Amino acid sequence: MGVAVTRTIDYLTALLEWVMTLSFVALFLVNLLNIVLRNIAGIAWLWIPGFSRLVFIWLVFLGIAAAYRRAAHLDIDFFLLRMKPRVRLLTLMGINLVLIPFFVILLVYGLDVAQVRMRVPFDTWQVPTGYAYLAVPVCAVLLLLYCGERLVKLVKEARSP
């Protein structure tokens, strides 16, 4: 994988993490404001629960992709650490190859569900729930990109003596 491609993926991941950070801060502040307004002024903004669900769903799915890229996801490496380096490398390649069809399924069916849900609004505001479901195929595209990057690195490592 070329340096330019790796830098682009690094930039995309950094951008993704900034979006997640800003989304989390917005989610926190909006909910804090909602609590304050409800308890002090008796005002309840009905759009906040839908907004919170939308942002939280995106945070979860973008977080999955970011964690996968950084290899910060839950990893049970009890067996991997006991393997010889060559066997471990081949096992990791196999694991990532098996993930590709799963990510493609997430992409295809995520798009289908998001399209259907575009006709269904959130409970308290007229924004389609499909925007929340779009997080699934976006996550799948990122996971496919990151999985491809990881496989290229593993192949390069396997070729080196």
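User: Hi! What share of the contacts with a separation of 6 or more comes from residues 24 or more positions apart?
Analyst: Hello! In this predicted model, residues 24 or more positions apart make up 73% of the protein's contacts with a separation of 6 or more.

User: What does the C-alpha trace span along its principal axes?
Analyst: About 70 × 35 × 35 Å. As for burial, 29% of the 161 residues count as buried.

User: Let's switch to α2. How far does that helix reach?
Analyst: Helix α2 covers residues 48-69 and reaches 31 Å from its first C-alpha to its last, close to the expected 32 Å. Just after α2, Ala71 has a positive phi of about 55 degrees.

User: And Thr129, is that residue buried or exposed?
Analyst: Thr129 counts as buried because its relative accessibility is 7%, under the 20% cut-off. Thr129 sits in the loop between α3 and α4. Leaving out residues up to four places away in sequence, Thr129 touches Arg117, Val120, Pro121 and Phe122.

User: Last topic, pockets. Which residues lie nearest the centre of the largest pocket?
Analyst: Those are His73, Asp75, Leu92, Asn96 and Arg150, out of 13 lining residues. The largest pocket has a volume of about 270 Å³.

User: What classes make up that lining?
Analyst: The lining has 7 nonpolar, 2 polar and 4 charged residues. Helices α3 and α5 each supply at least two residues of the lining.

Conventions
Residues are numbered from 1 along each chain as its sequence is written. This is a predicted model: local features need pLDDT of at least 70, side-chain atom pairs count only at pLDDT 80 or more; totals for chains, interfaces and linings use all residues. Side-chain values use heavy atoms; hydrogens and water are left out. On a 1 Å grid over the protein atoms alone, a cavity is a set of points where a 1.4 Å probe fits but cannot get out, and a pocket is an open set with protein on both sides within 12 Å along at least five of seven lines; lining residues have an atom within 4 Å of a point. Grid points are joined across faces, edges and corners, and a volume is the space filled by probe spheres set on the points. Helices (H or I, at least four residues) and strands (E, at least two) are DSSP runs, numbered from the N terminus. Ala, Val, Leu, Ile, Met, Phe, Trp, Tyr, Cys and Pro count as nonpolar, Asp, Glu, Lys and Arg as charged, and the others, Gly among them, as polar. Buried means under 20% relative accessible area, exposed over 50%, partly exposed in between (1.4 Å probe, protein chains only). Contact means heavy atoms within 4.5 Å. The expected span of a helix is 1.5 Å times one less than its number of residues.
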